[in-house]
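Welcome! Please take a look at the sequence and the 3D model below before reading on.

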Amino acid sequence: MLLFGKKKKIQENEREKIQSTDSLEVNIAKVKELLKDCDDVVYKEFVVGVEQKLRFTVVYIDGMIDSRKLDNSVLNPLMIQARYIPPEAPKLSDKLYELVRYGTIPASELKESEDLNEAILDILIGDAVLFIDGTRTLITISVKGWPSRSVNEPTTESVIRGPRDGFVETFRMNTALVRRRIRDHKLKLKQLRIGKRSHTDVGVFYIEDIAKPELVDEVFRRLKSIEIDAVLDSGYIEQLIEDDPYSPFPQILASERPDHVAADLYEGKVVVLVDNSPTGLIIPSTFNSMFQSPEDYYDRWIIATVLRIIRYAASLIAMILPSLYISLTSYNTGILPTKLVLSIAASREGVPFPAIVEAFIMEGTLELLREAGIRLPAPIGNAIGIVGGLVIGEAAVRAGIVSPIMVIIVAITAIASFANPSYNLSVGFRLLRFSLMLISGILGLYGLALGLIIIFTHMARLKSFNVPYLTPFVAIEPSDFKDTIYRAPTYKMIKRPPLTSKNVVRMRNNRPVINDKAKGGTKDDKRQ
């Protein structure tokens with residue numbers, strides 16, 4: 001208890017305000033002491049007025065501000081234009097701060113403070129702080145201008161039809177991309193800073209009359225409970241607030257697409273954006289949402305349904321195909337047709353390893369090639385992934401280490417693993433694949449069935465912010481099944497998911513009347 005009280009007292013002291021004074025020399029001396037050995041900090045001293053008696057100092061970090069903005073908004077008005085004001089010494093000295101704050105600096109965003117710690121944090125963020133001799137109030141001027149990446153199409157979530165813009169590493173640009181799509185005053189953005197040393201900006205988006213208050217409160221409770229030195233990416237936040245950190249399944253969906261984020265906000269979900277990260281966190285997320293792509297809602301419902309069936313089938317293949325091969329060739333050969341058994345036996349003739357060792361060799365080689373392809377430059381990485389797999393597979397078959405059918409199994413598994421829109425979920429399936437291979441190599445089909453039962457039991461118990469992970473497959477709301485493996489026509493998707501939204505009505509059933517010219521009349525489209 002004594003150690004806890006001492007630690008708490010130290011944290012309170014670290015957050016203690018450093019009061020500014022009305023002396024310019026004292027304030028700058030304190031700032032220089034706190035920012036000593038920081039050679040990129042600039043202290044621009046200048047005088048103002050016709051008689052050149054009013055002393056000012058602007059402090060900023062070189063490379064993090066827009067120098068043109070600083071010149072036009074601060075230095076030019078104060079150093080040049082203010083000289084033409086007739087000197088009225090008593091009035092000017094009494095109203096100096098008001099004159100500068102409200103009448104001289106044309107910057108669009110200004111903030112007042114009397115705390116040197118807060119002023120230093122503003123400087124480190126990329127603003128400029130103006131110190132005025134004789135005034136204890138400090139003026140923070142928004143002149144941010146650090147190098148940033150332009151808005152481009154996200155590489156991890158490419159689509160054929162849909163918007164091409166994606167999030168970048170600049171927090172304010174990301175919030176603007178979301179605001180651009182949701183022009184509703186009910187869209188709320190609340191910001192907080194997480195990280196004792198990094199002071200990273202974290203923004204929480206939600207639509208007030210759609211998102212459930214208990215969900216919003218739970219998100220803020222978990223975010224405010226984070227105590228960490230630095231947050232460098234949204235992945236830090238994801239790992240610290242997820243329900244089960246030991247689960248191979250992601251409970252928070254990550255997306256680089258503003259349209260994806262906007263669509264989920266309309267569903268009553270909460271989105272967390274983190275400065276310096278091009279990935280937004282969608283809360284809560286379910287197993288079903290991991291298979292959905294923004295393109296599903298831009299294409300016609302028949303196309304989207306077929307694509308979703310392919311994704312579910314591909315994910316199942318990617319997880320169990322090698323295990324199924326091991327079980328059928330090592331333990332349960334009687335299930336296969338005789339000709340197929342003889343064909344497999346002939347292809348494995350001369351292979352010195354059992355099927356499980358053979359599978360681990362090829363799957364391990366594939367994962368090695370995949371990781372190497374990611375780390376290498378893009379042109380070389382593509383060549384390593386494709387050519388390397390073909391060359392190594394062919395060489396392994398010729399050397400008699402693996403059988404040709406094993407190479408086919410691994411190739412189909414690798415292709416199927418890329419069909420899932422969620423990278424984190426596909427990685428989870430890859431991890432589970434090795435576990436299923438091991439248990440299938442020991443117990444055969446019984447082990448594979450046992451492994452799948454354990455996986456589905458875990459998924460049934462898993463939750464994402466108090467929402468069952470298998471929603472809507474475990475829900476009792478019939479309208480939820482219109483957006484699962486089967487995607488209903490848009491005019492039939494009237495309701496939002498009730499587990500994440502309090503306002504469940506999304507649209508009215510207002511499909512226009514169809515003019516049937518062949519029959520010379522009109523007919524109302526049958527609707528549900």
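The report that follows goes through strands, salt bridges and surface patches.

## About the model

This is a predicted model, in which local features need pLDDT of at least 70, side-chain atom pairs count only at pLDDT 80 or more, and totals for chains, interfaces and linings use all residues. Residues are numbered from 1 along each chain as its sequence is written, and side-chain values use heavy atoms, with hydrogens and water left out.

Helices (H or I, at least four residues) and strands (E, at least two) are DSSP runs, numbered from the N terminus. Two strands are said to pair if DSSP finds at least two bridges between them. A residue is called buried under 20% relative accessible area, exposed over 50%, and partly exposed in between (1.4 Å probe, protein chains only).

## Strand S2 and its partners

Let's begin with strand S2 (residues 54-61). Six of the eight residues in S2 are buried, so the strand is mostly covered. Strand S1 (41-48) pairs with S2 in the antiparallel sense, over eight bridges. On the other hand, S2 and S4 are joined by four bridges, again in the antiparallel sense.

Phe 56 is a handy residue to look for here. Phe 46 stands opposite Phe 56 in S2, and Ile 132 in S4 is the bridge partner of Phe 56.

## Strand S5, covered on both faces

Next comes strand S5 (residues 138-141). In a regular strand, side chains alternate between the two faces of the sheet. Both faces of S5 are covered: Leu 138 and Thr 140 are buried on one side, and Ile 139 and Ile 141 are buried on the other.

S5 runs antiparallel to strand S3 (residues 110-113), and four bridges join them. Ser 113 stands opposite Leu 138 in S5. Strand S4 (residues 128-132) also pairs with S5 in the antiparallel sense, over three bridges, and Val 129 has Thr 140 in S5 as its bridge partner. The hairpin of S4 and S5 has five residues between the strands, and Gly 134 takes a positive phi near 90 degrees there.

## Strand S7, an enclosed strand

Is strand S7 (residues 200-207) buried or exposed? Eight of its eight residues are buried, so S7 is largely enclosed by the rest of the structure. Thr 200, Val 202, Val 204 and Tyr 206 point one way from the strand, while Asp 201, Gly 203, Phe 205 and Ile 207 point the other way.

Strand S6 (residues 187-194) pairs with S7 in the antiparallel sense over eight bridges. S7 also pairs with strand S9 (residues 270-274), antiparallel and over four bridges. You can follow both pairings at Val 204: Lys 190 stands opposite Val 204, and Val 204 stands opposite Val 272 in S9. In the hairpin of S6 and S7, with five residues between the strands, Gly 195 takes a positive phi near 115 degrees.

## Salt bridges

A salt bridge here is a side-chain nitrogen of Lys or Arg within 4 Å of a carboxyl oxygen of Asp or Glu. By this rule the count comes to 26 salt bridges. One of them joins the side chains of Glu 25 and Arg 55 (2.5 Å, N to O). This pair links distant parts of the chain, since Glu 25 is in helix H2 and Arg 55 in strand S2, 30 residues apart. Glu 25 counts as partly exposed at 42% relative accessibility, and Arg 55 is partly exposed too, at 32%.

Arg 308 forms a salt bridge with Asp 483, with the closest N and O atoms 2.8 Å apart. Arg 308 sits in helix H11 (residues 301-330) and Asp 483 in the loop between strand S12 (467-468) and strand S13 (514-516), 175 residues apart. Both Arg 308 and Asp 483 are buried. Elsewhere, Glu 218, Arg 221, Arg 222 and Asp 243 are linked in a network of salt bridges.

## A nonpolar surface patch

Patches are made of residues with over 30% relative accessible area and no salt bridge: like charges are joined within 9 Å, and nonpolar side chains (Val, Leu, Ile, Met, Phe, Trp, Tyr) within 5 Å. Accessible areas come from the Shrake-Rupley method with a 1.4 Å probe, and for residues only the protein chains shown count as cover.

Trp 301, Ile 302, Ile 303, Val 306, Leu 307, Ile 310 and Tyr 486 form a nonpolar patch on the surface, together having about 570 Å² of accessible area. Tyr 486 lies in the loop between S12 and S13 and is partly exposed, with a relative accessible area of 36%.
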